[in-house]
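Here is a short note to read beside the model. Take the points in order and find each one in the 3D view.

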Amino acid sequence: IFFRFDGRQPSRTMRQVVEEFINSKWDAECVPLLEDYIRIPCQSPAYDKDWETNGLLDQAMTLLHEWVQKQDLPGMTSRVMHEPGRTPFMIIHVPPTNDTATNSILMYGHMDKQPPLLPWAEGLDPYTPVIRDGRLYGRAGADDGYAVCAAITCLQALKKAKVPYGKITIVIEADEESGSANLPFWIDKVKPELGSPDIVVCLDSGALNYDQMWLTNSLRGAVNGELHVEILNEGLHSGIFGNIVPCSFRILRQLISRLECEKTGDVLVPECHAEIPATAVKQFQALDEISDDLYTQDVPLKEGVRALPGKSSELGLANAWKPCLCVTGSGGMPCLATAGNVLRKGTSVMLSMRLPPPVDAATAMAAIQRAVESDPPYGAKVTFKGGLCAGGWSAPEMVPWLAEAVDTASQSFFGRPAGNQGLGGTIPFMGMLGKMFPKAQFVITGVLGPKSNAHGPNEFMDIAFTKKITCCVASIVAAHCRECC
């Protein structure tokens, strides 16, 4: 099964044209473009305080936009928008093949990058593209540089196969990895151009295997912040003053225990929890039919280390609908090689709390701050400086024709129906769009499959899988035109 129009089954030739065009386009243009993009160390603003002066984000955006400008799509227009103090923003308009069609799709991606997180494996580097075993290694090829390539290429494939499509708008931001702080500004600027899309297609998610298309229908929120514990004006001899002055790290441990049970990992702040809907429970139970270890089979654990216990359904539900705390950075501690016998002045850590989709991020942030700052042990100076504050999101129920179109697409190019998952990560843009377009349907997909390791070392994009996802998006775009245009 592939595209269906007016109740007729098209020839296999139409499917072949689309697939062959997409495969060829990725090999000839998209992969080389992403190799050039990987070479640019354009970190997101939260990780590069000099982003505005070093020009790396602008350089990467220009690279992608120049490629877009060379693409053959009738009537396509594009521009990159700039404002002082704002990250760049690209918007692309592709008119419908039928001039009278008004129904539209909004596609989204981003091109800013996480930090390199060294070291990478031998022969790999975050900013040196390497193709190995059909995988393109390098920072942000899969998260999310590929998005603009997939969006444009799927439309060109439909044009090649003479398959109609509706009005398409593509937006590419440069701030997602920092919480999309600049995105509301840009969306407000271009809101009149967006209209009221029928579908929002987000190309910044993941997959639990490489055997089918995966949709993400919920996203957790996230808050983070710096927790500082200060006890001294200067460091002291740990032997002379130990058992007299408390260690700041011990105080820090007590404060973190107010947020999380160290034995179970359960979060202890009530404002960080939400009721899990029955529909989500049912959705995750279906994962056990695919595999009983979808979430653990490819985790790079050290020998003898065990993941948390549970079946795919249990781990998936916890990952998508329960809060969790991680310590992601530290300050005030010297490296091991220079650590002397000193009672340090203080200790700082960066805390990252993931939140269930319905939880209000600002409320959770305030509750975390109260929990750690109130009644500090030994009267220590404790401060919590909040950073990222992004809410989660849950998709509306998919209308029958779109659910069928998604399954048809996955069956066509993978031979299996689409899978559904909730994602433990955060895409702030989705919550914003959900409020802006309450009647829109959402198709959130992506190419971050097992071991692809977004944000970590050795990130890669599986090229064959990316081609198939591009084909699936083309199929869904065609189905939208058939149903709505």
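**Notes on a strand, a tyrosine and a cavity**

In β6, the bridge partner of M90 is I172. Keep in mind that this is a predicted model.

1. Start with strand β6, residues 167-173. This strand is mostly covered. Six of its seven residues are buried.

2. Now look at the pairing of β6. Strand β2 spans residues 89-94 and pairs with β6 in the antiparallel sense. Five bridges link β2 and β6. Strand β3, residues 104-110, also pairs with β6, but in the parallel sense. Here there are seven bridges. At one place, K167 of β6 stands opposite S104.

3. Next, find Y108 in strand β3. Is Y108 buried or exposed? Its relative accessible area is 1%, so Y108 is buried; the cut-off for buried is under 20%.

4. What does the side chain of Y108 contact? It makes a polar contact of 2.5 Å with the side chain of E173.

5. Finally, turn to the cavities. The structure holds two of 30 Å³ or more. Strands β9 (221-230) and β13 (346-355) each supply at least two lining residues.

6. Which classes of residue line the second largest cavity? Seven are nonpolar and three are polar. None is charged.

Technical notes:
Residues numbered from 1 in each chain as written. Predicted model: local features only at pLDDT ≥ 70, side-chain atom pairs only at ≥ 80, totals over all residues. Heavy atoms only, no water. Buried < 20%, exposed > 50% of the residue type's maximum accessible area, 1.4 Å probe, protein only. Helix = DSSP H or I, 4+ residues; strand = E, 2+ residues; numbered from the N terminus. Pairing = 2+ DSSP bridges. Polar contact = N/O pair within 3.5 Å; in protein donor to acceptor, adjacent residues only side chain to side chain. 1 Å grid on protein atoms, 1.4 Å probe; cavity = no way out; pocket = protein on both sides within 12 Å on 5 of 7 lines; lining within 4 Å. Points joined across faces, edges and corners; volume = space filled by probe spheres on them. Nonpolar A, V, L, I, M, F, W, Y, C, P; charged D, E, K, R; others polar.
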